[in-house]
Amino acid sequence: MRAYKTEIKPTKEQKQKIHKTIGTCRFIYNFYLGHNKEIYEKEKRFVSGYDFSKWINNEFIPNNPKYSWIKEVGSKAIKQSIMNADKAFNRFFKKQSKFPRFKKKSKSDVKAYFPKNNKGDWTVERHRMKIPTLGFVRLKEKGYIPTNARVISGSFSMKAGRYYVSVLCDIDKSIKHDSYTEGIGIDLGVKVFAIVSNIDKPFKNINKTKEVKNLEKKLKREQRRLSRKYESLKKQKKKKEGTAAGENIQKQIVKVQKLHQRISNIRENYLNQVVNIIVKQKPSYITIEDLNVRGMMKNRHLSKAIAGQNFHSFRRKLEDKCRLNSIELRLVDRFFPSSKICSRCGSIKKDLKLSDREYICGDCGCVIDRDKNASYNLASAKTYRTSQ
């Protein structure tokens, strides 16, 4: 199984259908959360997603004709929204996540899911794709999704005024190299993004480039403008809907969303480039640290810098590429002293400080960059677990 996501170019009528479907999915999700809260407060019981789906189709809509517009969109997308909310409740009961939150119109990333029920659903061509309820939609990136792939399911979404489609395909593209090089170790950091044991030059921190810094400054300005518009609206005591001030706020929200997406795309593209360069080395295995990113984010001085590095996204991309290229990905425990061990003689320097950027061994006299030393130790680590 492999997932593909690409941007689409829908017509005006298709855009209206996308907005209607996504809005209905969001309404159903919120309705299920509110209905369950009300039932639990009165009767102390939980309504499953399956029971709620039967109730809304057989009782609620027939008895409330003003909600008949729910039936105007794809039934599979509505059913999936209910099951997503049901899954969120089950995760809460298992103490795996917090209580489910209602989805806001301007902030939530809502997707409309459709399985492949008919033979003609999700037909892929080089320049277009047939999506259930929408028909054929033009693709902006031609030839990215293989036309011979068997699509299992898919979804469409909207973000910052742009439209996307994601499909899950059944495709066999595993690659096996004839000759592999030795294993490598990767040490992730904040000053630079990554130091690889067999690459001399470290991968820079993309957030320190001029382009990203300028975009972040522009984002701050646009967010201040948005905040002022909200404050002005409160002072004027006007309603947000149907007023010129409300329309200006919506325009400003789109501007902020587009800047967020631009910064996110730059970081995502850089991660893809780094992963591709590493995998092209054809190593027999790759070793990284199993970082506690949530714990690292609690440091308020470094939380913003750590969040901008996208360590979790890098690990997920690396796992996918390693699986595709038949490379073993090893995970070393987060408490493994990779920076304190001498990569030449193996002695441990217990008094190493975070401010020490060079590792100077007291036994063999080895002088080496701290992060480079850590990457060598990760490459030669004996205790690890493989990523599934």
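Me: Is Ser-375 buried or exposed?
Reply: Ser-375 is buried, because its relative accessible area is 0%; buried means under 20%, exposed over 50% and partly exposed in between, with a 1.4 Å probe and protein chains only. This is a predicted model, where local features need pLDDT of at least 70, side-chain atom pairs count only at pLDDT 80 or more, and totals for chains, interfaces and linings use all residues. Residues are numbered from 1 along each chain as its sequence is written, and side-chain values use heavy atoms, with hydrogens and water left out.

Me: Which helix does Ser-375 lie in?
Reply: Ser-375 lies in helix H9, residues 370-379. Helices are DSSP runs of H or I with at least four residues, strands are E runs of at least two, and both are numbered from the N terminus.

Me: What does Ser-375 touch?
Reply: Leaving out residues up to four places away in sequence, Ser-375 touches Gly-185, Asp-187, Ile-195, Val-196 and Ser-197. Contact means heavy atoms within 4.5 Å.

Me: Other topic. At what angle do H1 and H3 pack?
Reply: Helix H1 (residues 12-43) and helix H3 (residues 75-93) pack at about 40°, with axes 9 Å apart. Axes are lines fitted to C-alpha atoms, for helices over the stretch in contact, and angles run from 0 to 180 degrees between N-to-C directions.

Me: What does that make H1 relative to H3?
Reply: Oblique. Under 35 degrees counts as roughly parallel, over 145 as roughly antiparallel, 65 to 115 as roughly perpendicular, and the rest as oblique.

Me: Which residues make the contact?
Reply: Among them are Ile-28 and Tyr-32 of H1, and Ile-82 and Phe-89 of H3.
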